[in-house]
Amino acid sequence: YGFINSCLQSLVMEKFGQETWDKLSSLSGVQDTFMTYTVYDDILTLSLVQEACSLLEVPADVLLKLFGEHFFTFCKQAGYDTMLRTLGGNLVEFIGNLDSLHSYLALSYEQMNAPSFRVEMTDDGKMLLHYYSDRKGLYHIVPGIIEAVARDFFDSKVTMAVLNQSEEDERTGKKEHVVFLVKQSRAKAKETGDQEYVSYRELRVRQTGVNIQKFFPGLLARDATLDLYFTIVHPQVTFTIESIRKFINSQFVLKSYKDKNITLKLRGQMLWMESLGCMLYLCSPKLRSLQELQDVGLHLADLAQHDVTRDLVLLNQQRLAEMELTNQLERKKEELRILSRHLEIEKEKTEILLYAMLPRHIANQLKDGKSVEAGEFEVCTILFSDVVTFTNICAACEPIHVVHMLNSMYSKFDRLTNIHDIYKVETIGDAYMVVGGVPVPTETHAHRVANFALGMRIAAREVTNPVTGEPIQIRVGLHTGPVLAGVVGEKMPRYCLFGDTVNTASRMESHGVPDHIHLSTPTYSELKDSGFNIQERGQIEVKGKGQMTTYFLLGNPLVSEDAIMGREVGETCLYKEDLHGQSKKESDKEADVRAETEYRDTASDEVIAPDPSRSDTITPFAWDITPPYKTNENINTPEDNFSSKLCVLL
């Protein structure tokens, strides 16, 4: 029954942990939970035991004994504590009544195939426990159970040793018979007097009760034998007087052979009457419910007034209804557990998608129904990049080739954002924007973005221009300064950056040079003492800003290319916050974070984020193929008059 498998699951989870059970159940191919009153094949349980021994590297006898100890505790926790405590006043009485307990439990577990136990006291006072079972190789469970019972109920220590192990031909075929020598250190077992066992193999019927005669009138025949009408169900022994006397203290269940499709079970006690040389069987019908009472053609009036079977049938009728309700609840519980697991998986997918749009802490606040106020960041570093001659590429090849090129490039860039722990703000066309120090402030914001820029340049060389077949070139611009950041919109909220720092960073990119990383003076000030290889470009005229002294970032001699690209084996700490554990990595590493950023200034050629609500009024644009940089060798002086447009693919 599922009760046994649930006990094994409880043992593994309690002693070895949930992960061990997950591995074990996956190896055995079993379900996560078991229904208490559902019958499972013995092969499943034996397979679980074998896989557990292999996984835990524990011998079978050790694991089975541990299971026996846990099974006793599991039964008490399942509500059988009082029932077990009342079986006997000492260990001998307890074991002697185990078969009766199994017979009672068969009312609830109708298909239960329980083992049988018999206690034998030798002439020299030794206690022998005889164990009979149809299942071979499980006798190691018995010492675990008996030792736990003796320790808990009778405050004694028991040691058990196997004296003999054999197979006996019983009614159901080969039955394993194991004899244990039981030694108790405190409680003293009852002694039994010597008895002379006489072997009688005849089963001739001498007398029957009136009600039995109604069902089996043939028993009145002169030479009628009991085995012509009945077979023994419990205990599972051969139908002889000698075998019955071995289990004289057990409850005997007889089952009639089918007569007119009616099968009657009798339950009662065998008594040996020495003076008459006869066995007396005091019995009553074994019934579980009112339906069974009807099926065998009986009524409550047919049962004796003093027979507890009357009360038992009525009581068990209610118990069966409760069991059915329990089964329904267990099935619903299992269904809810499966649904909950599926819901958790879908929730994780949803959260990954949500965190791809907004920073984790911002998204969590919105999920909790809280309003997210805009925050000021005193200093951060913003990077813009675009593809050189992107307009030419778009005009000369199919759109799908452009998409493939951008996807290849952005995938490499996105990976670098995870390595350097910076925040990807957005992509518009070929423009890529990231920020360091937002939304989580960090002292090394400029260093992270600078290393990221160096990695971008390396990664871009691995992306092919679909027109020329050569590696693409990018322009990169960095600027450091304050920004205002907050969530804009309700239908599709975006984490946006506002401020002049955004515009200046965009100008650094648009006034940059192919395959170069263009720095503003504030960014240079952050990096100049950190070992970066930086070259001064000089003063240039920046649209809307006037004269500015700018610089080119050439490399970082202190860090290898593999470290910048995240190709080194093992973790490499590039930044002091990571080294000292002062910064907590932003959770946007699970997916790319896309946040709409709007930035404006008074210049007419300002870079403006598209407004989706006005998409129907946007007129087709002409591709601007005018290079915004000089093509001669003198790269230190920018062209005085040029216009740069950010291409927006709609």
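Q: How many residues does the protein have, and what share of them count as buried?
A: The protein has 650 residues, and 45% of them count as buried. The model is a predicted one. Its accessible surface comes to about 34700 Å². Carbon and sulfur atoms own 51% of that surface.

Q: What makes up the secondary structure?
A: The protein has 19 helices and 16 strands. Among contacts with a separation of 6 or more, 65% join residues 24 or more positions apart.

Q: Why is threonine 381 called buried?
A: The label needs under 20% relative accessible area. Threonine 381 has 0%, so it is buried. Threonine 381 sits in strand β9, residues 375-387.

Q: What makes the pairing of threonine 381 with histidine 445 a polar contact?
A: The cut-off is 3.5 Å between N or O atoms. The side chains of threonine 381 and histidine 445 come to 2.8 Å, so the distance meets the cut-off.

Q: Which residues does threonine 381 touch, leaving aside its neighbours within four places in sequence?
A: Its contacts include Val434, Val435, Gly436, His445 and Ala446. Val449, Leu478, His479 and Thr480 are also in contact with threonine 381.

Q: How far apart are threonine 381 and threonine 523, in sequence and in space?
A: They are 142 residues apart in sequence. Their C-alpha atoms are 7.3 Å apart in space.

Q: Why is α15 described as mostly covered?
A: Buried means under 20% relative accessible area. In α15, 16 of its 16 residues are buried, so the description holds.

Q: What makes arginine 85 and aspartate 81 a salt bridge?
A: The limit is 4 Å from a side-chain nitrogen of Lys or Arg to a carboxyl oxygen of Asp or Glu. Arginine 85 and aspartate 81 meet at 3.0 Å, N to O, so the pair qualifies. The structure holds 19 salt bridges.

Q: Why are arginine 85 and aspartate 81 separated by about one helical turn?
A: Because they are four residues apart in helix α4, residues 60-85.

Q: Why are arginine 85 and aspartate 81 called partly exposed?
A: The class lies between 20% and 50%. Arginine 85 has 42% relative accessible area, so it belongs there. Aspartate 81 has 23%, so it belongs there too.

Q: Which salt bridges does arginine 567 make with glutamate 561 and aspartate 562, and at what distances?
A: Arginine 567 meets glutamate 561 at 3.1 Å. Arginine 567 meets aspartate 562 at 3.2 Å. Both values are within 4 Å, so both pairs count as salt bridges. These residues belong to a network of salt bridges that also links Lys412 and Glu462.

Q: Why are glutamate 561, arginine 567 and aspartate 562 called partly exposed?
A: Glutamate 561 has a relative accessible area of 44%. Arginine 567 has 38%, and aspartate 562 has 35%.

Q: What makes Leu271, Leu280 and Leu282 a nonpolar patch?
A: Patch residues need over 30% relative accessible area, and nonpolar side chains are joined within 5 Å. Leucine 282 has 46%, so it passes the area cut-off. Leucine 282 lies in strand β8, residues 278-285. Together the three leucines have about 210 Å² of accessible area.

Q: What makes the phi of glutamate 57 and of aspartate 421 worth a remark?
A: Most residues other than glycine have a negative phi. Glutamate 57 has a positive phi near 55°. Aspartate 421 has a positive phi of about 55°.

Q: Are glutamate 57 and aspartate 421 buried or exposed?
A: Glutamate 57 has 72%, over 50%, so it is exposed. Its place is the loop between α3 and α4. Aspartate 421 has 16%, under 20%, so it is buried. Aspartate 421 lies in the loop between α14 and β10.

How values were computed:
Residues numbered from 1 in each chain as written. Predicted model: local features only at pLDDT ≥ 70, side-chain atom pairs only at ≥ 80, totals over all residues. Heavy atoms only, no water. Patch = residues over 30% accessible without salt bridge, like charges linked within 9 Å, V, L, I, M, F, W, Y side chains within 5 Å. Areas by Shrake-Rupley, 256 points an atom, 1.4 Å probe, with all protein chains shown as cover. Helix = DSSP H or I, 4+ residues; strand = E, 2+ residues; numbered from the N terminus. Buried < 20%, exposed > 50% of the residue type's maximum accessible area, 1.4 Å probe, protein only. Contact = heavy atoms within 4.5 Å. Polar contact = N/O pair within 3.5 Å; in protein donor to acceptor, adjacent residues only side chain to side chain.
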